[in-house]
Amino acid sequence: MRPSFYDHLHPPTIPAPQARFRYTLAAGGLAVFFMLVLLVTGVLEMFYYIPTPEQAGASIQTLTFLVPYGGLVRNLHYWSAQLLIVVVVLHLLRVIFTGAYISPRRFNYLLGMSLLVICLLMDFTGYILRWDQGIHWALVTSTNLIKSIPLIGSGLYTILVGGSQPGSATLIRFYGWHIFGLTLVAGVVLVWHLFRIRRDGGIAVPPPLKRESLDRISRYELVRREVLAILLASIALLLLAVFVPAPLAPPITEASSNYATAHAPWFFLWIQEMLKQGNPFLWGVVVPLVVIAAMTLIPYIFPKPTKDELGKWFPHSNRLAQIFFILILLVIGILTIVDLLPAS
Ligand code: HEM
């Protein structure tokens, strides 16, 4: 059989341990899948979305309730964005807990971290495009955080917001970043990340003498497993999109002042909770940047996993990095839960 274009994305054979679900959790592959769903559904949404403060909210209502299958397309876009964040964090967890980031994959770890940040920014700018009363926190508080940066804050604010307060210039800028700027960067970094996997010798596996078996699987078997994972993910995504609609509050108008539903997107609730401590620059800018920097530097600051333990879950040699990562996730998780609790 002649290999198809899709087959060419993989080498003719790979070591069997590289393709075990219990090793990769299929998380990196599913992240690629959700990004593709986002691209297709996002392009479809562009036919109806109008990026002006007066019409944005109403155009989303039209898309959701009047356009045939418009609600489904919007829900698919929303849910793939949420699931993307979940699988990327799972993928990061897998990479750290298998010590897969050591040389020669250290550079790809950095590309991966930038993909994580780009995904969060894309999700955040998309959330703003909703321009309904629910996004008030994100719009006002987050842009004000930029202002709190000493020396460069107000200049950055004007560049980001396009004026002295959020308005039509802000919406068109966020729209530009969402559909073009960030999407373009995400595409380039993603292709680079995938290219580096091949360049670095495929997914990390134990050295031949430490492997349980030296079996290899063909690219056809690999594609079969990928298609199966995509099928299962598609079923989960469709069920969510059909039964759980993406949130939508009434559009922001001159008169609307009730922002009871306004809150940060779920993946930034921990920052919203920290901001209750006061000092927006410290809790809203410095601490989140330190967390991202610390995660990025994991391959550089913690004892390195040994090559002997490569391709195994929970190597002894990088225990410290594993504990550190779990602590970060725990603190973020606890702050998120506390933020969700009703205020007494
Ligand atoms: C949109 C985000 C991302 C996508 C689409 C993506 C995609 C992938 C894919 C398809 C693989 C090969 C299969 C697998 O290991 O599951 C992979 C491997 C890898 N990724 Fe990512 N990734 C993303 C984010 C990240 C992040 C956040 C990190 C870490 C900071 C990272 C670091 C790595 C490394 C080091 C490898 C090689 C792993 C090994 O050899 O075992 N990636 N990525």
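Guide: Let's start with Glu-309, which counts as buried at 12% relative accessibility. This is a predicted model, where local features need pLDDT of at least 70 and side-chain atom pairs pLDDT 80 or more, while totals for chains, interfaces and linings use all residues. Residues are numbered from 1 along each chain as its sequence is written, and side-chain values use heavy atoms, leaving out hydrogens and water.

Visitor: Why is Glu-309 called buried?

Guide: Buried means under 20% relative accessible area, exposed means over 50%, and partly exposed is in between (1.4 Å probe, protein chains only). Glu-309 has 12%, so the label is buried. Lys-312 has 40%, so that one is partly exposed.

Visitor: What makes Glu-309 and Lys-312 a salt bridge?

Guide: The rule asks for a side-chain nitrogen of Lys or Arg within 4 Å of a carboxyl oxygen of Asp or Glu. Here the N to O distance is 4.0 Å, so the pair counts. By this rule there are seven salt bridges. Salt bridges that share partners also join Glu-221, Arg-224 and Arg-225 into one network.

Visitor: On to the ligand: how do you know which residues coordinate the iron atom?

Guide: Donors are N, O and S atoms within 2.8 Å of the metal (3.2 Å for Na, K and Ca), and water is not among the atoms, so sites may look incomplete. His-91 (NE2) and His-193 (NE2) coordinate the iron at 2.1 Å, so they qualify. His-91 lies in helix H5 (residues 70-97) and His-193 in helix H9 (residues 168-199), so the pair links parts 102 residues apart in sequence. His-193 is buried, with a relative accessible area of 13%.

Visitor: Why is the arrangement around the iron atom called octahedral?

Guide: Six donors count as octahedral if opposite donors are over 155 degrees apart and all others between 65 and 115. Four count as square planar by those angles, or as tetrahedral if all angles lie between 85 and 135 degrees, and anything else is irregular. The six donor atoms here subtend angles of 85 to 179 degrees, which makes the arrangement octahedral.

Visitor: What makes Trp-266 and Phe-267 an edge-to-face pair?

Guide: The structure holds twelve aromatic pairs. In this one the rings are 5.6 Å centre to centre, with 85 degrees between the planes. Rings of Phe, Tyr and Trp (its six-membered ring) pair if their centres lie within 6.5 Å; planes under 30 degrees apart are stacked, over 60 edge-to-face, and the rest tilted. So 85 degrees gives edge-to-face. Trp-266 is partly exposed at 38%, whereas Phe-267 is buried at 8%.

How values were computed:
Helices (H or I, at least four residues) and strands (E, at least two) are DSSP runs, numbered from the N terminus.
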